[in-house]
Amino acid sequence: MKRAVFGAMVGLLAFGCRSDAPPAGGDLAGQPVIPLRPLVIRAGQPVAAIAGEQRHLRNVRKLTFGGENAEAYWSHDGRKLIYQSKRKPFDCDQIYIMDLETGQDRLVSNGKGKCTCSYFLRGDREIIYSSTHLRDPDCPIAGRVVRGRYVWPIFPGFDVFVANPDGSNLRQLTTNDGYDAEATVCPVTGRIVFTSTRDGDLELYSMEPDGADVQRLTDREGYDGGAFFSHDGSKIVARSGFFKDDADRTEYFTFLKQNLILPTQVDIVMMDRDGKNFRRVTDNGQANFAPYWHPDNHRIIFCSNIGKDKNSRDFDLWLIGEDGKGLERVTFNDTFDGFPMFSPDGKHLAFASNRYGEEYGETSIFVAEWVD
């Protein structure tokens with residue numbers, strides 16, 4: 001078996017909710033809350049646990065085989081995952097949905113351009129994802145290393161789209177001439193939150209499911225994105241970049257003008273659901289991203305290369321309290337683990353990893369039973 005390293009650090013989610021959120025469990029504009037039923041996961045194959053991980057992860061299953069697969073997020077009924085995958089015959093990431101009982105997956109994007117950041121709208125009757133296909137139906141190409149520095153491309157052709165779960169009835173939600181991506185859905189109201197460069201920096205915005213009522217949530221220099229809303233809809237967790245000095249600031253905006261960012265130092269932050277009371281959770285000088293709320297709404301699971309060289313792509317999953325205390329390592333794989341998301345009932349964790357890759361660059365989706 002060949003060791004695989006993470007082939008492409010893909011963009012994460014932005015997750016938010018309007019401040020007048022109704023109590024969790026309420027109905028919203030014809031999108032009823034889906035009742036959860038016991039789930040028996042038959043998809044994929046069981047794999048051996050890695051030493052040290054049994055504290056939280058049991059009955060680990062590998063769901064995808066071959067290609068680069070990442071950002072797998074649960075449907076609201078907890079029975080499906082929607083994710084992006086770079087696999088033949090496509091040159092760029094496309095969006096797929098997998099049924100966790102049968103293991104069957106299907107393409108739901110249109111096969112054009114590059115896709116990222118997919119999610120189920122509340123009620124599971126529609127999906128959203130970002131795509132560059134209107135700018136150019138071909139796959140956009142961008143280098144991952146510029147002057148010896150690892151970078152993330154921020155493709156200006158990305159817009160947010162909504163479609164039926166089978167990919168039909170595709171409609172455009174954002175029309176900004178820039179980057180609109182990292183979109184997800186509030187579990188309480190169904191409001192969409194996303195990351196955009198429309199005001200000259202990477203900021204968080206929210207909008208209604210039809211694209212109306214766009215509101216800016218963050219207003220600070222530096223990258224803000226990849227956010228998730230707490231399960232009760234009261235708080236947002238995100239990732240943000242901070243400047244050490246004026247040279248750091250200049251470098252950030254120089255790269256941003258080239259539609260690039262340096263991800264080597266980003267921290268986990270949190271804020272109220274309207275963007276107020278912004279505060280830092282981590283401050284360790286490393287690359288911290290892909291945060292998601294633990295079911296208790298007070299701890300955060302995230303991805304980081306803590307303890308490694310700041311340019312290392314050996315990432316693990318970690319838990320931390322919203323107060324920045326109680327740091328605990330969750331995974332011990334010696335390549336990449338990231339993009340964690342708890343199932344709606346809190347009993348399973350989906351994540352992406354390079355573990356058990358058969359080819360260089362292979363990234364797979366895994367699911368495990370969660371043990372607190």
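**View A. Cys 117, a buried cysteine with no disulfide**. Cys 117 takes part in no disulfide (a pair of cysteine sulfur atoms within 2.5 Å). Its nearest cysteine sulfur belongs to Cys 115, 10 Å away. A note on the model: it is a predicted one, where local features need pLDDT of at least 70 and side-chain atom pairs count only at pLDDT 80 or more, while totals for chains, interfaces and linings use all residues. Residues are numbered from 1 along each chain as its sequence is written, and side-chain values use heavy atoms, with hydrogens and water left out.

**View B. Cys 303, also in no disulfide**. Here the nearest cysteine sulfur is that of Cys 117, and the gap is 15 Å. Cys 303 counts as buried, with 0% relative accessibility.

**View C. The Cys 92 to Cys 139 disulfide**. Searching the whole structure turns up 1 disulfide, and the S to S distance between Cys 92 and Cys 139 is 1.9 Å. The link is right-handed, with 60° about the S-S bond.

**View D. What the Cys 92 and Cys 139 pair ties together**. Cys 92 comes from the loop between β4 (80-86) and β5 (94-99), and Cys 139 from the loop between β8 (127-131) and β9 (145-146), so parts 47 residues apart in sequence get tied together. Strands are DSSP runs of E, at least two residues, numbered from the N terminus. As for accessibility, Cys 92 is buried at 6% relative accessible area, whereas Cys 139 is partly exposed at 24%.

How values were computed
Helices (H or I, at least four residues) and strands (E, at least two) are DSSP runs, numbered from the N terminus. Buried means under 20% relative accessible area, exposed over 50%, partly exposed in between (1.4 Å probe, protein chains only).
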